[in-house]
Amino acid sequence: MEKVAIFVDVQNVYYTVREAYKQNFDYNKFWSEATSGREVVKAIAYAIDKGDRKQQEFQRILRAIGFEVKLKPFIQRADGTAKGDWDVGITLDAIEYADQADVIVLVSGDGDFDLLVNKVRQVLGKRVEVYGVPQLTAHSLMNAASEFKPIDKALLLV
């Protein structure tokens, strides 16, 4: 049975899906598609922790589906901008778990991950599936992937 490791950039998915479709990503449908006929060796959802109840309920849902949830505190800068990305954490975990998996699934449209995807494919010899909103996913990331899987109406909550 093919082994899969899944890494989800929750903030990126939330904002790109909301911008493109004015709806929410359906993590249950995604899980069914990404894990069908596969053994999950690791599944991590990376999120920002603002400490509100709605987010905590969402995190419980992710855990119930099968994700480990990694949280980083929300940081509000003095100039009003916010910080809270997981790029380095996702990269380190994907490289760490690549040796245990046949396929790496990355859910993000962030072009910064093209370096990771190329490394995992070319150096580690793994297949990488990237899920992203087509019009909001970096072309460099789509091109780096073994397979780009569009987040479209089939993966949205109705």
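**Exercise 1. Which residues of helix H5 (residues 114-122) are buried?**

Solution. Start with the ground rules. The model is predicted: local features need pLDDT of at least 70, side-chain atom pairs count only at pLDDT 80 or more, and totals for chains, interfaces and linings use all residues. Residues are numbered from 1 along each chain as its sequence is written, and side-chain values use heavy atoms, with hydrogens and water left out.

Step 1. Helices (H or I, at least four residues) and strands (E, at least two) are DSSP runs, numbered from the N terminus. Buried means under 20% relative accessible area, exposed over 50%, and partly exposed in between (1.4 Å probe, protein chains only).

Step 2. Read off the residues. Asp-114, Leu-116, Val-117 and Val-120 are buried in H5.

Step 3. Look down the axis of H5. The buried residues fall within an arc of 160°, so they line one face of the helix. The arc is that of the directions from the helix axis to the C-beta atoms.

Step 4. Turn to the other face. Leu-115 and Gln-122 are exposed there, on the face turned away from the buried side of H5.

Step 5. Find the packing partners. The buried residues of H5 pack against helix H4 (87-98), strand E6 (103-107), E7 and H6.

**Exercise 2. Classify two aromatic pairs, Tyr-27 with Phe-67 and Phe-30 with Tyr-131.**

Solution. Step 1. State the rule. Rings of Phe, Tyr and Trp (its six-membered ring) pair if their centres lie within 6.5 Å; planes under 30 degrees apart count as stacked, over 60 as edge-to-face and the rest as tilted. The structure holds eight aromatic pairs.

Step 1. Apply the rule to Tyr-27 and Phe-67. Their ring centres are 6.1 Å apart and the planes stand at 90°, so this pair is edge-to-face. Tyr-27 is in helix H2 (residues 27-35), while Phe-67 is in the loop between helix H3 (53-65) and strand E3 (68-73), 40 residues apart. Tyr-27 is buried at 8% relative accessibility, and Phe-67 is buried at 3%.

Step 2. Phe-30 lies in helix H2 and Tyr-131 in strand E7 (residues 127-132), so the pair ties together parts that are 101 residues apart in sequence. Phe-30 and Tyr-131 are buried.

Step 3. Ring pairs link Phe-25, Tyr-27, Phe-30, Trp-31, Phe-58, Phe-67 and Tyr-131.

**Exercise 3. What is the relative accessibility of Arg-38, and is the residue buried or exposed?**

Solution. Step 1. Locate the residue. Arg-38 is in strand E2 (residues 38-49).

Step 1. Apply the cut-off. The relative accessibility of Arg-38 is 14%, so the residue counts as buried.

Step 2. List contacts. Leaving aside neighbours within four places in sequence, Arg-38 is in contact with residues including Met-1, Glu-2, Arg-127 and Glu-129.

Methods:
Contact = heavy atoms within 4.5 Å.
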